[in-house]
Amino acid sequence: MHMNVAPHLLTEDRAEYERVLDDALSTAHARPELAGVGSRLTVAQLRAMTLNATALVTSAAASEYDHFVKVREQNRASAGARDPDAHDRPDSGTGTGAGVVAIVTVMVPVLAGAAAVIFLLVGAVLHALAPTVAFGATLLTAGLVFGSLAAAGLLCAAAGLLVTALRNSPVEVSTSGPPAAPDDELSRAREAWRHALLERGILPFLRDALAATPPAPTDP
């Protein structure tokens, strides 16, 4: 059995319509106006009838639904307008430069550290074998210089990581705050539509369907 969808009811809201209907049917025993559920029509029969009459039922809450859709579209548009700004801001023109700086920051400590180890080892060996040769002392000095360069590179890399973390943290806070008000308005609009759909659409339809169906005959 296919559900007859109202022209103004979007596909993404069909499930919400069915949820409101199922809630009404599940609480039918607590509603005096639906006392005929089970004796005149079963829950399954009423559900199928209401789904087939979706266009008629949802038209009773058309104004609330139109407002809900409008608020939802505005909320999505504002969220979509914020996201491109957040993506365009991070260095569209300086991305290449930032990549080169990152590579240099990583490679300098590695290369300088490797050179320091080599110069210190070779210089130590030469100084041990020939203490009077000045070249061994020169290699030791060069090793110390490269060791200092490697340490400075490590400090620069740590500073770069710290600056990056401080730069990115405020963006996350700012993007998570503003949507609160639109979301509240969207929730109110959704609840208003659900209430109107239930009170002016689904319940009257169920009452009329039960009233138009005679009770099933009972055996004497």
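**Ground rules**

I am working with a predicted model, in which local features need pLDDT of at least 70, side-chain atom pairs count only at pLDDT 80 or more, and totals for chains, interfaces and linings use all residues. I number residues from 1 along each chain as its sequence is written, and side-chain values use heavy atoms, with hydrogens and water left out.

**Confidence along the chain**

I checked the helices next. Confidence is lowest in helix α6 (residues 134-176), at a mean of 72, and highest in α1, at 95. I then noted two stretches. Over residues 1-6 the pLDDT is below 50, and this stretch has 16 contacts in the model beyond near neighbours in sequence. Residues 171-180 also have a pLDDT below 50, with two contacts beyond near neighbours in sequence. A contact here means heavy atoms within 4.5 Å.

**Overall layout**

I counted seven helices and zero strands. Helices (H or I, at least four residues) and strands (E, at least two) are DSSP runs, numbered from the N terminus. The order from the N terminus on is α-α-α-α-α-α-α.

Of the 220 residues, 25% count as buried. Buried means under 20% relative accessible area, exposed over 50%, and partly exposed in between (1.4 Å probe, protein chains only). The chain exposes about 13700 Å², and carbon and sulfur atoms supply 67% of it. Those areas come from the Shrake-Rupley method with a 1.4 Å probe; for residues, only the protein chains shown count as cover.

I also looked at contact range. Among contacts with a separation of 6 or more, 80% are between residues 24 or more positions apart.

**Helix α1**

I tested the length of α1. Its 13 residues should span 18 Å at 1.5 Å a residue, and its end C-alpha atoms are 18 Å apart, which agrees. The expected span is 1.5 Å times one less than the number of residues. Its buried residues include Glu16, Tyr17, Val20, Leu21, Ala24 and Leu25.

**The nonpolar core**

Which residues have the most contacts inside the largest nonpolar core? I found Tyr17, Leu46, Val57, Phe68, Trp193, Leu197 and Ile202, in a core of 30 residues. Helices α1 (14-26), α2 (43-52), α4 (62-88) and α7 (180-211) each supply at least two of its residues. Helix α7 gives the most, with twelve. Such a core is a set of buried Ala, Val, Leu, Ile, Met, Phe, Trp, Tyr and Cys residues joined through side-chain atoms within 4.5 Å.

Leaving aside residues up to four places away in sequence, Leu197 touches Tyr17, Val20, Val57, Thr58, Ala61 and Ile202.

**Aromatic pairs**

I searched the whole structure and found three aromatic pairs. The rings of Tyr65 and Phe68 have their centres 6.3 Å apart and their planes at 55°, so the pair is tilted. Rings of Phe, Tyr and Trp (its six-membered ring) pair if their centres lie within 6.5 Å; planes under 30 degrees apart count as stacked, over 60 as edge-to-face and the rest as tilted.

Tyr65 and Phe68 are three residues apart in helix α4, so about one helical turn separates them. Tyr65 is buried, at 1% relative accessibility. Phe68 is buried too, with a relative accessible area of 1%.

Tyr65 also forms a tilted pair with Trp193, 4.9 Å centre to centre and 50° between the planes. Tyr65 lies in helix α4 and Trp193 in helix α7, so this pair ties together parts that are 128 residues apart in sequence. Trp193 counts as buried at 1% relative accessibility. I logged Tyr65, Phe68 and Trp193 as one aromatic cluster.

Is Ala192 buried or partly exposed? Ala192, in helix α7, is partly exposed, with a relative accessible area of 37%. Its C-alpha atom is 6.4 Å from that of Glu64, 128 residues apart along the chain.

Ala112 sits in helix α5 (residues 95-129) and is buried, with a relative accessible area of 4%. Ala112 touches Phe146, Leu149 and Ala150, not counting residues up to four places away in sequence. The C-alpha atoms of Ala112 and Gly147 are separated by 6.5 Å, at 35 residues apart along the chain.

Conventions:
pLDDT = per-residue confidence, 0-100.
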